[in-house]
Amino acid sequence: MTETDTNASTGWTAAGGDAPAVELEGISKAYPGVVANDDVSLSIRRGEVHCLLGENGAGKSTLMGILAGMVAPDAGSIRVDRRDAAIDSPKRAIELGIGMVYQHTTLVPTLTVLENLMLGASRALRLDATRSKARLAELAGTLGIEVDPDAVVETLALGQQQQIEIVKALWRGSKVLILDEPTSMLTPAGVAELQKVLVRLKEHGLAVVFITHKLYEAISIGDRVSILRQGRLVATLDPETLGSKTHEELQARIVELMFGEEARALGGVAELQDELEGRREGRALPEEPLLELLDVSAPGDGHEGGVHEVSLAVRPGEILGIAGVDGNGQRELAEAVAGQRHLSGGDIRLGGASISRLSVAKRQRLGLRYVTDDRLGEGIVSQLSVALNFVLKRIGQAPFWHRGRIRHAPINETAQDLVERFDVRTPGVAARAGTLSGGNVQKVVLARELSFGPKVVIYNKPTYGLDIRTTRAVRARIHEQAEHGVTAVVISTDLEELLDLCDRIAVLFRGRVTGVVENGPGAERRIGELMVGGFAGEDAQHFPPGEIAPSLHSGGELR
Amino acid sequence: MTETALPSPVGVGEEPAAPPRRRSAAGDTLLRSIGPVAAALVAGAILLVALGRNPLTFYADVLRGGLLDGFWQESVIRMAPLLLIAAGLVVVFKAGIWNLGIDGQLLLAATLAVGLGPGLEKRAPNTVTLVVLFLLAAAVAGVWTLVPALLKARYGLNEIITTLMMTFIGINVANILIKGPFQDFSSNVPQTGVLPFDAMLPTLPGTRIHVGILVALAAILVVWYLMTWTSFGLRLQILGASVRSAKHLGLNVPRLIVVSFAVSGVLMGLAGAAEFLGVWGYIRADQNPAFGLEVVPLVFLARLNALAVVPFVGFFAVLSIGGDLATREAELPNDFILVLVGLILLFMAVTEYLGRTRALGQSYLPAARRRARA
């Protein structure tokens with residue numbers, strides 16, 4: 001059994017002694033207008049990481065939502081430990097030992113870490129803080145993470161919040177752990193950490209389902225990889241297959257499976273990198289910096305430290321990357337430049353003139369743009385139409401407003417144009433922006449920020465959570481803008497992305513710039529050192545993101 | 001799991017994903033807006049039966065006392081302050097701000113207008129007096145709302161608490177004024193001097209209806225236009241949708257908070273002036289029409305649409321005017337009308353609750369209220 005056809009669901013046999021912990025059979029689920037799952041059969045074994053690979057919208061999350069009791073399937077059955085199980089609620093799923101870590105946080109932001117963990121865990125009226133603290137310390141030890149039990153969740157970085165989510169999922173002794181796109185918020189070092197954690201979980205006999213749309217992740221992390229396309233399970237690659245082929249062969253095979261006919265049009269993922277690589281060569285940049293940060297300090301929120309004495313200079317048309325582990329001041333820095341956060345010291349200059357006392361709107365007008373990482377929360381106004389979202393930073397200005405009165409014709413015209421130019425998939429410009437998928441929301445945000453004469457654009461995690469296709473489009477867009485002389489500051493926790501895009505890469509660590517590295521050979525190693533505070537010794541935790549992560553299945557262990 | 005609920009189209013040549021199927025706009029409105037009212041009337045009927053009254057007679061009396069025999073004029077007169085309050089609430093609620101200090105703002109403005117009225121009336125022509133008093137009332141209430149507005153804009157203080165507390169202060173300051181500088185000692189009870197009848201708001205020809213209703217309808221139209229067509233309305237809507245978005249988009253959030261608060265305050269002041277210069281001509285100590293919290297549910301039933309507020313206010317005006325007669329006939333306390341208002345609120349809450357699990361149309365709350373427009 002090398003590859004299993006979807007419909008041959010009866011062909012599932014437990015290989016050797018590893019009995020399936022969970023078996024899904026013939027699962028179907030349709031939403032109005034779309035079939036999310038179409039007769040999907042899957043078996044998840046103990047002591048294995050089962051990767052569920054597919055593009056956004058392929059039905060991965062729905063399938064796992066069904067397993068976690070969040071979504072009721074239209075058809076199909078689920079067996080847990082060989083017994084039929086009707087998982088009709090999240091509570092039932094937890095009772096059956098199925099724990100889920102969602103892509104988006106489900107923690108109560110205003111409570112502390114400990115309170116959040118006790119919230120779901122205890123039936124008793126009186127909360128046992130001492131025992132909970134001990135349990136937290138134990139799990140944190142197992143996961144190899146540091147957690148302040150009394151930190152208020154909303155003050156933690158997204159990456160830290162996710163770690164709490166994992167702890168929460170394991171809190172009640174789960175046997176099956178489902179991770180929905182867990183690496184989208186992690187740095188390469190964090191991914192390596194997560195891999196270690198997964199190895200330990202496997203050793204404890206847990207079955208892990210790892211949902212991802214990143215190909216190399218599935219290959220390097222998964223013992224078994226199932227590929228979903230448009231709601232259908234197109235193939236499952238078993239450990240033998242994964243072990244017997246090279247990464248290149250696997251990659252080619254999986255790209256074909258994921259995208260089907262489109263595979264040729266899309267080209268390999270590697271091809272994209274070459275393409276970007278090629279474009280970066282031989283650009284002469286003016287010497288005079290366009291955006292300058294001089295000893296910029298800004299306060300952080302709550303437990304986050306803010307930024308301290310950051311000095312950077314970016315030349316016209318240059319792409320400067322800001323690398324760093326999530327929560328080291330990236331958001332504060334971006335907001336300080338955009339004008340959403342007051343400076344506690346230093347100065348920001350645009351074209352030689354200080355802008356640090358100007359409002360967000362005035363900086364906008366000067367051509368400074370900010371593509372926020374919080375697309376849904378602050379990037380768009382979800383109940384307004386797509387068309388209006390395009391012009392939200394130009395409220396009251398001609399030609400969209402005339403003497404304070406809105407003019408729908410020019411707005412719709414511009415919107416139609418932007419929808420085409422930025423390839424936004426929407427039923428129409430009058431559709432509510434909140435009904436679009438994440439990738440299309442990002443395109444709307446990009447279209448708004450990049451139109452009307454941008455000079456400097458701050459991108460905060462521009463491809464976070466996006467599928468390969470959209471990621472590619474976004475990166476190409478950033479590049480295209482740079483070609484036209486638009487300066488870009490790309491903040492990303494995805495080092496691979498920065499190495500693909502940037503001319504230079506600065507590293508943020510605890511709110512300070514610990515170094516600026518010219519992109520080129522050896523840059524990733526140097527950046528890796530700087531990301532953990534400049535100590536080469538900690539480099540061991542970090543694998544070079546340009547390469548495929550050390551394989552788990554071939555050697556069975558991570559060194 | 002946004003991914004599953006909102007699938008992104010996968011194929012290049014594919015049609016974009018169909019939006020989730022939804023009820024027609026009319027069905028939506030019917031369910032959300034008329035539903036709770038109808039349910040409240042039915043529940044009220046059951047209560048009446050339990051109290052040994054005939055609900056049909058009662059509701060017939062409401063209609064008779066609120067619509068027929070010229071009583072419709074009373075209902076229209078009552079609509080004037082209610083519409084002005086509703087207009088003011090639409091402005092703040094759209095912006096996601098809870099100005100619940102309506103009664104304090106209204107009463108303080110009315111007290112100053114009525115208290116200064118008799119003195120001013122002797123020195124200036126009536127029209128000038130009325131215009132000055134209206135502007136004064138508007139200014140007083142507008143300035144009064146600056147306190148909670150600035151506290152919210154500057155320190156992020158919860159305006160629900162500050163406005164409710166300011167109501168107590170406002171009502172008591174009004175009482176101090178009525179029992180102090182404005183007291184007319186020729187009367188047995190503490191009250192202000194009485195404005196002569198011809199110095200009060202003129203009536204529409206051939207009716208008892210004072211021109212306050214015209215002011216109110218104008219205010220409704222202005223607010224509707226502001227909210228639907230202007231950049232100011234859109235800014236308020238964004239603020240109401242997400243403060244974070246507002247900041248990101250470069251809106252001046254503190255200024256928007258203060259301005260929307262002030263606009264609503266001005267309308268509350270006008271409501272007070274219309275009621276007391278149009279109907280009463282004087283104000284007694286401890287007199288409080290307490291319109292404020294009655295209008296709040298109506299504004300939500302109208303889904304923060306200024307034009308849609310008009311029929312709801314009309315309905316409520318008939319209910320409260322006709323209710324006077326009906327409760328008297330049925331020998332029930334006048335507060336029975338408030339029971340009906342309470343039932344409407346209860347059924348709105350039920351609809352809102354069910355709406356989360358079933359498709360019962362959109363939320364009453366501002367953030368999810370407005371359909372995409374462009």
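The domain assignment of chain A gives four entries: domain 1 (18-97 + 174-267), domain 2 (108-171), domain 3 (286-367 + 455-520) and domain 4 (374-452). These bounds come from an automatic or database domain assignment. Between domain 2 of chain A and domain 4 of chain A, the C-alpha centres are 39 Å apart. The model is a predicted one, in which local features need pLDDT of at least 70 and side-chain atom pairs count only at pLDDT 80 or more, while totals for chains, interfaces and linings use all residues. Residues are numbered from 1 along each chain as its sequence is written, and chains are lettered from A and ligands numbered from 1 in the order in which they are written.

Chain A contains 20 helices and 22 strands; helices (H or I, at least four residues) and strands (E, at least two) are DSSP runs, numbered from the N terminus. Of its 559 residues, 50% are buried. A residue is buried if 20 or more other C-beta atoms lie within 10 Å of its own, exposed if 12 or fewer, and partly exposed in between, with C-beta atoms placed from the backbone. Among the contacts in chain A with a separation of 6 or more, 70% are between residues 24 or more positions apart; a contact requires C-beta atoms, placed from the backbone, to lie within 7 Å.

Helix α1 of chain A (residues 60-67) is mostly covered, with 8 of its 8 residues buried. They are K60(A), S61(A), T62(A), L63(A), M64(A), G65(A), I66(A) and L67(A). After α1(A) comes G69(A), which has a positive phi near 80 degrees.

In chain A, D81(A) has a phi near 50 degrees and sits in the loop between β4 (75-80) and β5 (83-84). D81(A) has 15 other C-beta atoms within 10 Å and is therefore partly exposed. In chain B, A290(B) has a phi near 50 degrees and belongs to the loop between α12 (253-280) and α13 (292-301). A290(B) counts as partly exposed because it has 13 C-beta neighbours inside 10 Å.

Another loop of chain A, between α15 (386-390) and β17 (401-402), holds P399(A). The peptide bond joining A398(A) and P399(A) is cis, with omega about 0 degrees. V391(A) is in the loop between α15 and β17 too, and is buried because 25 C-beta neighbours lie inside 10 Å. Apart from neighbours within four places in sequence, V391(A) contacts F400(A), I411(A) and T414(A). From V391(A) to R448(A) the C-alpha distance is 6.8 Å, although 57 residues separate them in sequence.

The last topic is helix packing in chain B. Two packed helices are described by the angle between their axes and the distance between the axes. For α5 (residues 102-121) and α8 (residues 159-179) of chain B, the axes come within 7 Å and cross at roughly 20 degrees. Axes are lines fitted to C-alpha atoms, for helices over the stretch in contact, and angles run from 0 to 180 degrees between N-to-C directions. The two helices α5(B) and α8(B) are therefore roughly parallel to each other, where angles under 35 degrees count as roughly parallel, over 145 as roughly antiparallel, 65 to 115 as roughly perpendicular and the rest as oblique. On the α5(B) side, the residues that meet α8(B) include L107(B), L108(B) and T111(B); on the α8(B) side they include I169(B), V173(B) and L177(B).

Technical notes: Two residues are in contact if their C-beta atoms, placed from the backbone, lie within 7 Å.
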